[in-house]
Amino acid sequence: MSVTACQGLGFVVSLIGFAGVIAATCMDQWSTQDLYNNPVTAVFNYQGLWRSCVRESSGFTECRGYFTLLGLPAMLQAVRALMIVGIVLGVFGILVSIFALKCIRIGSMDDSAKAKMTLTSGILFIISGICAIIGVSVFANMLVTNFWMSTANMFGGMGGMVQTVQTRYTFGAALFVGWVAGGLTLIGGVMMCIACRGLTPDDSNFKTVSYHASGQNVAYKPGGYKASTGFGSNIRNKKIYDGGAARTEEDEQSHPTKYDYV
């Protein structure tokens, strides 16, 4: 997969996940009334992070917001904070990732700057997805705890055969939307971080020149000085034949002939 495709796909996946996080935060059905063994079916209760609603059998729905801050449970306030933090980080991640897209050229921005921006947006998306997943999981754990506590208090007296009317709440649609959205945001952030490696210029590769030793020994005699690329012992033993008399090269240099002055 090319760098541009990986970056673009990560951006699209993160954008879809971010939209899901916003939708889950605004939804009212975080917890819905459990209708199992409930004799009262004329009304249906469901609650969200910001308000609680009641829907009657006639189709009329009435919602009432939470007009208090200190009176709310601490876990609900923590879930609110996590979802808001996830949305804020997602907004910054989208803004940074738009300028980091390789298909968009702004001024003289080089690939190294785009790589850093892509990595930054990926980290922001990852943290945003983690915040959404943690927030939804905390709310789900609170629902499970309250559900089993309500179940334990529902039956009492007469050997547990007398049932009391008590409202129990179970998972709402917003929880599943939040889990999926947080996972998509997390996956998109990971893909953005992977695309960052392809955008980073490779400065570790340098142009190298290979040198090979010559196959034959070459002797240079500029002004009587002997320079050789081979071993000196081979040069000393090399004989020069001049008029039938064998002389070594050292003798040739120590006893110049008449041809040396021409």
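Which residues does S121 touch, not counting residues up to four places away in sequence? I began my notebook with that question. I am working from a predicted model.

**Entry 1: S121**

I found S121 in helix 3, which covers residues 111–154. I then listed its contacts, leaving out residues up to four places away in sequence. S121 touches G93, V96, S97 and M192. S121 has a relative accessible area of 0%, so I noted it as buried.

**Entry 2: G86**

I turned to G86 in helix 2, residues 74–100. Is G86 buried or exposed? Its relative accessible area is 0%, so G86 is buried. I set aside its neighbours within four places in sequence and looked for contacts. G86 is in contact with S128 and C131. I also checked the distance from G86 to I126. These two residues are 40 residues apart along the chain. Their C-alpha atoms are separated by 9.5 Å.

**Entry 3: the disulfide**

How many disulfides does a search of the whole structure find? I got one. C53 and C63 form it, with their sulfur atoms 2.1 Å apart.

I then compared the exposure of the two partners. C53 has a relative accessible area of 2%, so it is buried. C63 is at 31%, so I wrote it down as partly exposed.

**Entry 4: other cysteines**

The cut-off for a disulfide is 2.5 Å between the sulfur atoms. I also checked C26. C26 counts as exposed because its relative accessibility is 55%.

**Entry 5: a surface patch**

Last, I looked at a nonpolar patch on the surface. I listed its members as W50, I84, V88, V91, F92 and L95. Together they have about 520 Å² of accessible area. W50 is in the loop between strand 2 (43–47) and strand 3 (51–56). Its relative accessible area is 35%, so I noted W50 as partly exposed.

Note on methods: Residues numbered from 1 in each chain as written. Predicted model: local features only at pLDDT ≥ 70, side-chain atom pairs only at ≥ 80, totals over all residues. Heavy atoms only, no water. Patch = residues over 30% accessible without salt bridge, like charges linked within 9 Å, V, L, I, M, F, W, Y side chains within 5 Å. Areas by Shrake-Rupley, 256 points an atom, 1.4 Å probe, with all protein chains shown as cover. Salt bridge = Lys/Arg side-chain N within 4 Å of Asp/Glu carboxyl O. Helix = DSSP H or I, 4+ residues; strand = E, 2+ residues; numbered from the N terminus. Buried < 20%, exposed > 50% of the residue type's maximum accessible area, 1.4 Å probe, protein only. Contact = heavy atoms within 4.5 Å.
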